[in-house]
Amino acid sequence: MTTNLKETTVSRDALKFEIKQRKKAEKELENLAFTDSLTGLPNRDAYNIRAHHEVERAKRYEQNLVLAVCDIDNFKSFNDTYGHQTGDRVLKLVAKAVSQRLRSVDFIARYGGEEFVVLLPETKMEDAFALMDDIRETIANAPLRFKDEPVQLTLSTGLAAHQADETLQSLFALADKAL
C-alpha cells in the first residue's frame, strides 16, 4: 500500500509540474504572438483586441475615448539615408518616448512599419491633443545622432474622439484622415 501512495504522490507532483510548464510555455507563445519583436510594444493583433474592448466599453459606459494614429515623418527616406539599423533605433526611441508619457490605462501598439496607434480611454479631446503635442515635441527634441551629426526626427499624429454609434473602423479612419 505504501508504494502505491508514494507512486500516486509522485504522479501528482509530476502532473502538477507538467501543467505548470505547459502554462508557462502557453504564456510565452501568447506573448510572442501579440508583441512586436523590435519595439517590445503590443503589435497590431493586440491592438485590434484591445481597441474593440475599449470601443465597447466607451459605448456601454458613455465614456470618452480618443484614438491617435502616429506616423514617423519621412521614415522611408530616413531609412534610405541613414540605414535600417538607424531606422530600428528610431522606432525603439519613438516607442519608448510615447510609452513613457502614457498612463497605465492608456495603450500603445506598433501598427505597422513606422505607424503607432494610441488608445486614450476616459480622455477628453483637448487633453489628448495636449498629450500628443507634448509627445511630438519630445520626439522633435530627441538627441538622435548619425555619425556624430544631429538628425532631426518628427512625428505626425491624427486624433479622433469616439462618438456613441461609431465603429472601431470608422474611428480609425477619422484619426488616419486627421493625420
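Buried means under 20% relative accessible area, exposed means over 50%, and partly exposed lies in between (1.4 Å probe, protein chains only). Keep that at hand for the exercises below.

This is a predicted model, in which local features need pLDDT of at least 70, side-chain atom pairs count only at pLDDT 80 or more, and totals for chains, interfaces and linings use all residues. Residues are numbered from 1 along each chain as its sequence is written, and side-chain values use heavy atoms, with hydrogens and water left out.

**Exercise 1. Find where confidence is lowest and where it is highest in the protein chain.**

Step 1: Start with the score, pLDDT, which is the predictor's confidence in each residue, from 0 to 100. Its mean over the protein chain is 89, and 90% of the residues reach 70 or more.

Step 2: Go to the elements; helices (H or I, at least four residues) and strands (E, at least two) are DSSP runs, numbered from the N terminus.

Step 3: Helix H1 (residues 2–33) has the lowest confidence, with a mean of 69, while strand S3 (residues 115–121) has the highest, at 98. Where pLDDT is low, the predicted coordinates should not be read in detail.

**Exercise 2. Describe how strand S3 is placed among its partners.**

Step 1: Look at the pairing; two strands pair if DSSP finds at least two bridges between them.

Step 2: Check the side chains. Glu115, Val117, Leu119 and Pro121 point one way, Phe116, Val118 and Leu120 the other, and all are buried. Seven of the seven residues of S3 are buried, so this strand is largely enclosed by the rest of the structure.

**Exercise 3. Decide whether Met125 is buried, partly exposed or exposed, and list what it touches.**

Step 1: Locate Met125: it sits in helix H5 (residues 125–140).

Step 2: Compare its relative accessible area, 31%, with the cut-offs: Met125 is partly exposed.

Step 3: List its contacts (heavy atoms within 4.5 Å). Leaving out residues up to four places away in sequence, Met125 touches Val66, Leu159, Ala160 and Ala161.

Step 4: Leu67 is 58 residues from Met125 in sequence, yet their C-alpha atoms are 9.5 Å apart.
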